[in-house]
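Could you walk me through this protein in plain words? I am new to structures and would like to know how to read one.

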Amino acid sequence: MVERIRYVLFPLNQLIIDVREFYVIFVGKSTLAMTDMILQSMSPSPSTDLVGSMLGVEDADYGQPKQRAVRKRSSSKNAGDHEQESSGQQQPPLEIVWRNVVIMIYLHMAAVYGCYLSFTVAKAATNYWAFFLYLYGGFGITGGAHRLWAHRSYKAKWPLRLFAALAQTMSVQNDIYEWSRDHRVHHKFSETDADPHNARRGFFFAHVGWLLCKKHPQVKERGKTVDMSDLLQDPIVVYQRKFYIPLVLLVSFFLPAWVPWYYWGENFKTAFFVASIFRYVFTLNATWLVNSAAHIWGNHPYDKGINPAENPVVAFLTSGEGWHNYHHVFPWDYKAAELGNYTMNMTTLAIDIFHKIGQAYDLKTVPKNVVMSRVKRTGDGSHPYSFEDFSKEVDHTAEAKCCEIVG
Ligand code: ST9
Ligand code: ZN
Ligand code: ZN
């Protein structure tokens with residue numbers, strides 16, 4: 001067993017030595033300066049200029065929810081309950097969790113090696129397998145943890161819940177309960193100190209930095225107000241949490257490598273670095289882009305008072321989770337987007353198929369007139385509705401009853 005582990009890890013030695021030499025010789029001081037900058041920007045008390053430059057805003061008090069330059073956030077009262085008052089008090093020091101830093105650096109270096117193997121020596125079948133696992137594991141996050149468990153935007157029978165829970169386990173993004181709790185807290189306290197991946201602390205913090213340090217005390221304090229009791233009623237969620245570590249080792253790391261080795265004679269090491277590690281790290285970064293890129297770049301057709309934006313690149317990479325301005329305004333819509341364009345929203349396609357075969361039901365969505373009304377009232381003008389006269393069709397009172405069940 002020890003030999004096997006050494007065999008799997010060995011090729012990384014050279015890579016680590018090369019990267020270290022490159023780091024020392026070419027990157028040296030500038031990297032240290034950049035590391036300093038990242039750490040300072042992540043800290044709960046960053047300097048005004050630094051945060052401003054990383055976010056493209058001028059106001060420094062990120063502890064306050066951001067007021068977009070064009071419109072104040074007060075315009076988004078209906079966009080879920082953003083509870084806004086905020087610190088202004090002394091911020092706690094940044095407490096880095098070095099164990100996580102080391103693991104993340106190792107994973108990313110191993111993923112680069114896996115990527116190299118996938119282009120050079122891996123069999124085609126192994127690459128297809130890794131791609132299939134990326135889609136399947138991705139569904140566990142998008143259709144499972146996100147749209148089903150965190151938002152309850154549709155209901156699912158137990159076979160589908162089991163299918164999604166296995167996929168979510170394969171993506172190793174914390175268990176379903178913890179993932180959903182952080183995500184509900186993210187929506188409720190979006191871009192305040194109580195948001196676990198508060199994008200006002202910079203791209204790096206929202207992307208991965210939040211997993212490398214202790215959470216802001218506000219996350220734990222205000223997070224207590226989020227009701228999670230519904231998830232504790234689901235035995236699949238409870239058992240997944242209970243046996244999470246052994247399940248992850250089996251489902252995410254061992255099986256993805258074992259299948260190519262056993263069924264088509266792939267080298268075990270190649271299968272491990274391609275289908276387990278590279279596939280995992282790619283999925284992680286695609287997911288994190290929703291928290292970072294989709295909270296910074298894109299249009300705001302539904303609410304210009306909030307930062308989450310419509311980002312097609314992120315939507316493509318995440319099977320439909322980049323339509324983030326819409327999603328923060330109407331988080332209960334099972335499509336997580338206004339339009340069900342399957343090419344840029346494969347998760348919706350999957351849920352629709354599960355609906356057709358009777359596994360998914362009570363799909364929630366938002367009536368067109370409600371969307372139109374919202375676009376007119378708070379959009380930034382980039383939505384096609386903004387250019388048309390819908391005055392007769394728009395029913396502003398409809399936003400009060402803005403949910404319909406389609407299946
Ligand atoms: C990962 C997650 O990557 C990614 C999530 C991304 C979400 C994106 C969403 C976008 C939409 C969907 C897009 C899908 C796209 C998919 C594309 C696919 C192709 N509320 O956490 P602890 C309390 S994970 C209430 O230890 P520390 C609670 O009492 C990657 N309370 O805090 C808790 O105890 P318990 C793998 C809360 O010590 C206690 O505090 N994982 C909340 O500050 C302690 O909690 C990792 O890399 C809350 N929200 O440590 C890191 N939070 O749990 C794993 C906490 O017993 N995590 N409490 O109830 C850690 O190591 C630690 O959590 C830490 C913080 C160091 C980050
Ligand atoms: Zn968000
Ligand atoms: Zn969400």
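Here is a short tour, from the whole chain to the ligand and then to the helix contacts.

## Before we start

This is a predicted model: local features need pLDDT of at least 70, side-chain atom pairs count only at pLDDT 80 or more, and totals for chains, interfaces and linings use all residues. Residues are numbered from 1 along each chain as its sequence is written, while chains are lettered from A and ligands numbered from 1 in the order in which they are written.

## The whole chain

The protein chain contains 16 helices and 4 strands. Here helices (H or I, at least four residues) and strands (E, at least two) are DSSP runs, numbered from the N terminus. Of its 407 residues, 44% are buried. A residue is buried if 20 or more other C-beta atoms, placed from the backbone, lie within 10 Å of its own, exposed if 12 or fewer, and partly exposed in between.

Val 329 counts as buried because it has 27 C-beta neighbours inside 10 Å. Val 329 and Val 371 are 42 residues apart in sequence, and their C-alpha atoms are 9.6 Å apart in space.

## Around ligand 1

There are 32 residues around ligand 1, and Gly 138, Lys 214, Lys 215, Gly 223 and Val 290 come nearest. A residue is near a molecule if its C-beta atom, placed from the backbone, lies within 6 Å of it. Helices α4 (124–150), α6 (176–188), α8 (217–223) and α12 (268–291) each give at least two residues to this shell.

By class, the shell has 11 nonpolar, 13 polar and 8 charged residues. Ala, Val, Leu, Ile, Met, Phe, Trp, Tyr, Cys and Pro count as nonpolar, Asp, Glu, Lys and Arg as charged, and the others, Gly among them, as polar.

## Two helix contacts

Helix α11 (residues 244–264) packs against α12 at about 135°, with the axes 8 Å apart. Axes are lines fitted to C-alpha atoms, for helices over the stretch in contact, and angles run from 0 to 180 degrees between N-to-C directions. The two helices α11 and α12 are therefore oblique to each other. Their contact holds 10 nonpolar, 2 polar and 1 charged residues.

Helix α15 (residues 346–356) packs with α4 at about 70°, the axes being 10 Å apart, so α4 and α15 are roughly perpendicular. Angles under 35 degrees count as roughly parallel, over 145 as roughly antiparallel, 65 to 115 as roughly perpendicular and the rest as oblique.
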